[in-house]
Amino acid sequence: MTTTQSRGRRNRSIRSAVSASLLSKGSSAVLQFLALPLAARVLGRDEFGIYATVSFAVLAVAVLQLGVGPALARNLSAASADGDRREEGRVYLSGAVLVVAFALAGFLLAAALLIFVPLDVLFGAEYAGYEATMRPALWTGALLMTGQVIVSMTDRVREGYMEASIVNAWSAAGNLVGALVVLVGVTGQPTVSFLLLAVYGPNIVARLASTVLLLRKRPWLVTGGARPRLDAMRELIGDGLSFSATSFIVYLVEFVACALIVGRVRGPQDVAVFQIFMAATTAFHGMLRMVGTPLWAAIVDAKARGDWEWVESARRRYHFYLAALTLLAAVLSIGLGPWVLPRWYGEDFVVERAVFASHAVFLFAMGWRHVNRYIAIGLGLVRRTVASILSGLAVGLFLAVFLLPEHGLWGLFAGLSAGILFIPGWQLPLLVRRCLNDEGCPAAGSTAAPRMVD
């Protein structure tokens with residue numbers, strides 16, 4: 001394959017992945033920015049804050065995947081390329097054992113906390129008096145998240161078989177059904193538990209259907225005579241830890257831990273507002289990820305072929321995409337956010353413009369970190385990003401906790417942003433630049449020397 005042909009194939013793979021992802025993003029937007037605001041108006045700020053608190057708490061179970069998913073997708077892809085169905089089954093079953101074990105361990109931990117620890121100790125004195133609402137919602141959320149962690153393994157398996165479009169289609173179906181259930185349900189007397197079931201339940205059912213179809217198409221994954229093996233599990237865990245440190249742990253701190261801290265310091269009303277801003281953060285990150293996920297795979301191919309000119313061009317285009325996306329988000333949120341928010345969510349949701357401005361800075365900082373992380377993954381540098389990202393996370397969390405009591409949510413976002421920009425904000429681009437300048441870039445099946453293109 002010529003250089004021109006390989007570049008064309010890489011560019012087409014990124015475009016097709018982005019196109020398929022837009023359907024899923026659109027359905028998610030319907031759920032997050034149409035159905036949930038309507039539910040918030042019906043529930044009120046206090047009870048919607050309880051929903052947000054429970055959601056962030058039970059999402060902590062998801063971190064127990066320990067990054068097995070990305071490693072599972074890569075190993076399945078390699079086995080499929082070799083035509084080794086028995087190895088495909090071994091990888092699939094080994095991954096399934098790990099995912100189920102981690103999910104059940106997370107549920108047992110959550111159950112122990114709910115049984116033995118009072119809720120005001122877990123979430124703070126501000127939640128006293130909400131136990132009748134929170135306790136059944138927490139049990140509901142813990143069961144739902146355990147199920148979601150297990151069935152979400154199918155998404156990673158399909159990605160390994162290059163079936164991301166199917167993943168996005170099922171995700172879109174789940175989001176749209178969830179939005180419909182919320183919109184219909186709010187006409188009655190919805191509870192926090194109902195809202196959790198409406199949001200997460202359809203996605204679990206959709207992924208369960210995807211799992212059934214996957215195994216009907218590839219029955220050898222479970223009937224080919226392969227068995228899970230300890231060495232395969234160790235390999236999956238080892239490969240997954242670096243992914244976890246730079247993705248799941250970051251999410252656990254910036255979303256879950258910060259939500260719980262906001263609840264303890266400021267109460268459920270501020271958690272309700274924090275949930276709205278982090279929903280916008282998730283949408284922003286999704287726009288980056290829909291380009292970044294196919295991009296790092298294309299960078300792997302370009303690096304193996306020694307096509308460093310394409311890598312440098314792709315890096316610049318991705319940085320430009322981040323700048324344009326950040327500028328658009330900042331203009332819309334700072335300019336329209338204080339006016340739109342109370343009209344979408346209700347009069348209780350009046351937020352000062354400083355919070356929108358601070359959150360816009362956080363979006364840029366978070367985006368800059370993730371853009372450079374995706375590029376580093378493609379260059380084989382993901383393990384070298386761990387210390388930098390976790391150090392910035394720790395500094396940012398310290399500053400956020402320090403600023404939160406006095407300055408509220410704008411202080412929280414400012415602290416998180418500072419931690420990112422002060423450490424990984426400059427270290428990750430430097431790491432990428434050194435690799436492209438042939439300074440310690442790992443080999444990738446090619447003897448071509450890395451070099452920057454003038």
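In which sense, left-handed or right-handed, does α8 pass α9? The crossing is right-handed; a crossing has that hand if the near helix is turned clockwise from the far one by less than a right angle, and is left-handed if anticlockwise. The views show a predicted model, where local features need pLDDT of at least 70, side-chain atom pairs count only at pLDDT 80 or more, and totals for chains, interfaces and linings use all residues. Residues are numbered from 1 along each chain as its sequence is written, and side-chain values use heavy atoms, without hydrogens or water.

**View 1. Helix α8 against helix α9.** Helix α8 covers residues 164–185. Helices (H or I, at least four residues) are DSSP runs, numbered from the N terminus. α8 and α9 pack at about 150°, with axes 8 Å apart. Axes are lines fitted to C-alpha atoms over the stretch in contact, and angles run from 0 to 180 degrees between N-to-C directions. The pair is therefore roughly antiparallel (angles over 145 degrees). Contact (heavy atoms within 4.5 Å) involves Trp-170 and Gly-174 of α8, among others, and residues of α9 including Phe-194 and Pro-202. By class, 12 residues are nonpolar, seven polar and one charged. Here Ala, Val, Leu, Ile, Met, Phe, Trp, Tyr, Cys and Pro count as nonpolar, Asp, Glu, Lys and Arg as charged, and the others, Gly among them, as polar.

**View 2. Helix α14 against helix α15.** α14 (residues 308–345) packs on α15 (residues 353–378) at about 160°. Their axes lie 9 Å apart. The two are therefore roughly antiparallel. Their crossing is right-handed. The contact has 16 nonpolar, seven polar and two charged residues.

**View 3. Helix α16 against helix α17.** α16 (residues 382–422) meets α17 (residues 424–436) at about 155°, with axes 8 Å apart. That makes α16 roughly antiparallel to α17. This crossing is left-handed. Arg-384 and Phe-422 of α16 are among the contact residues, as are Pro-424 and Trp-426 of α17.

Note on methods: Angles under 35 degrees count as roughly parallel, over 145 as roughly antiparallel, 65 to 115 as roughly perpendicular and the rest as oblique.
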